[in-house]
Each structure stands twice: as C-alpha cells, then as structure tokens.
Amino acid sequence: MSSSRSSKKSTGSRKKRRSANDFAKRCLLASLAICLIGAICYGAYLGVQKAIEIVGSGQDARTPTGEPAVTAAAKPWPLPAGTPEAGLYGTHSEPIEPANRETRRLPLRRRKTDPLVQLTNARIEDWIPPALPNLPPEVAAKLNAARPKPLHPQKVLRVDVTPIEWNTPPDNLEVVHGAFDNTPRGVRLNKGQLAAMKLGQSTTVEIVFANERPNLQIYAVTSDDRYRTVDGTTVSGVNNLAPTGWPLNFKVSNTLFVGTPFAGHMPREWHPDELALLITTGGEAVIIFQ
C-alpha cells in the first residue's frame, strides 16, 4: 500500500519537473528569438546610418549592381579668381567672335561646365492641333478634320536636339530661332524634358509661330540668372545705359539655318568686365563698349 503511494508521488514529481523544463526551454527560445530580432534591427539601423554618412560626405556610393550612384553635382560657378583660362571655356564648332561694340548683342561663348548639344534636321511644317483627349483615335481624327481651318495656318519649327556633353541635366536650355531683322525667340525646355534627355539620344523640340518665315537661324543657349549686365555705349563722351539688365546667355550648340543663310548669332568672347563678373559671387556689371 505504501509502495503504491510512493510510486504515485514520484510520477507526479517527474511530470512537474518535465513541465518546468519545457517552460524553461520555451522561455529560452523566446529570449533567443527576441535577441535575434534585435540584432537584425540594429544591423539595419547601422546600415542606414552608414548610407547617410556616405551621402553626406560625398563618397562614391554604389547601387545594388555595383555601379556608381548618380548624385547631383555642385554648381561650379562662380569660379574663384585666378582660375586658369583653360578651366573657363568650353569647345565650339564655330568661330568665336570678338567682344566689341558690334557684337555685344551676341550670346557669350560656352563655359566649360555648360552642356553642349547638337542641332539637326530643322524643318518648318504645318502645325497639327493635338487630338482631343479620351476619344478613340478614329473619332478624334474625324473631329480634328472637321475643325474650321484658320485663315493663316500656323506653322511649327521642329528641330532635333542631341546632347553631346551632358554630365547632369542643366538648369535651363532654350532653343532659339531668329531672322536677321528681329529679336531671337524660342522655347525653354522644362525640367521634365531636360531630365529625360540622354547623352547621344535625339529629342524633337517644337516651336509654334503664326506665319512661315523662310530665313531663320536656330541655336541653343543656356542662361545664368545670377549674373546681369547693363549694356552701355559711349557716344560723344556720354554713357547711354540701358535702364534694366538681362542675364548672361551662353551659346551651347551649333547653328542651323532654314532658308537663306545670313550673318547669324555666333558665340562671342567674354568682355573683361563679364569675365570679372563670372569669377565673383555674381551681381550686376555695367559693360561699356567704346
């Protein structure tokens, strides 16, 4: 009788010890899991901090494929005084005109850090209004054909623009057209267009105008609004100064002609006062052409 009671007690004790051991194992596994999750989170945190340090220090970050990550370049202008002349100027496919009274209205020669684009395939064609939205193409075509025709059909100048030197998209790029007897005008590409342009790939730019003008020069410029000049001409010892200034424009393409070529807007050399302005923090300079 006593042996049976003793056996039951020992069996109960073994069950309690087994239950306690199982609970201890579960607690240990839970603790290990928590430690593992904590280690993973801490590793991720260190990785993020390292990435922030790389970006903040300007180091050569890498993409998952091992290629250098594209980062925005610091604006190189203005340049410090004493910069060698070779570090100022970019190349041109056309002769550089001198900086004198006769050429003061021409765009400046390109800076070394400005983009360089090639213009090709200039043509003047009829402008076709864009199709009406949210309609099947065949229905939109019929509606467009039924539109009343203007008395003076609009024309569109189309020109292909191909980046030749294009490290990062520039702040602005304007494709300009002008005849010898009028003020050049054109269209400034927006940020989306500039960001989509790739080195060596052509993009067609359209400039709409009211009537066909058979003799045009087409070229591209980029401007820097940080610098403005006031044009002054010395006449009989009296300085006639323009009341307002305009930003400096730099010619960044070859020239194309539609129709009969004429003496166009070639890039001109920088005037000494413009050079002094470009290697400072910017502002306004009075350029006097004797």
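These are questions and answers on a predicted model of a protein chain.

Colleague: How many helices and strands are there in the protein chain?
Modeller: From the N terminus on, the elements run α-β-α-β-β-β-α-β-β-β-β-β-α-β. Counted by type, that is four helices and 10 strands.

Colleague: What share of the residues counts as buried?
Modeller: A residue is buried when its relative accessible area is under 20%. The protein chain has 290 residues. The buried share is 29%.

Colleague: Which residues touch the most other members of the largest nonpolar core?
Modeller: This core has 21 residues. Among the elements that give two or more residues to it are strand 1 (116–126), strand 2 (155–165) and strand 6 (216–235). The residues that touch the most other members are Leu-173, Val-175 and Ile-218.

Colleague: With which residues is Ile-218 in contact, leaving aside neighbours within four places in sequence?
Modeller: Contact needs heavy atoms within 4.5 Å. On that basis, the partners of Ile-218 include Leu-119, Leu-157, Val-175, His-177 and Asn-254.

Colleague: Is Leu-135 buried, partly exposed or exposed?
Modeller: Leu-135 lies in the loop between strand 1 and helix 2 (137–146). With Val-139 and Leu-143, Leu-135 forms a nonpolar patch on the surface, and together they have about 210 Å² of accessible area. The relative accessible area of Leu-135 is 34%. Buried means under 20% and exposed over 50%, so Leu-135 is partly exposed.

Definitions and conventions. Residues are numbered from 1 along each chain as its sequence is written. This is a predicted model: local features need pLDDT of at least 70, side-chain atom pairs count only at pLDDT 80 or more; totals for chains, interfaces and linings use all residues. Side-chain values use heavy atoms; hydrogens and water are left out. A nonpolar core is a set of buried Ala, Val, Leu, Ile, Met, Phe, Trp, Tyr and Cys residues joined through side-chain atoms within 4.5 Å. Buried means under 20% relative accessible area, exposed over 50%, partly exposed in between (1.4 Å probe, protein chains only). Patches are made of residues with over 30% relative accessible area and no salt bridge: like charges are joined within 9 Å, nonpolar side chains (Val, Leu, Ile, Met, Phe, Trp, Tyr) within 5 Å. Accessible areas come from the Shrake-Rupley method with a 1.4 Å probe; for residues, only the protein chains shown count as cover. A salt bridge is a side-chain nitrogen of Lys or Arg within 4 Å of a carboxyl oxygen of Asp or Glu.
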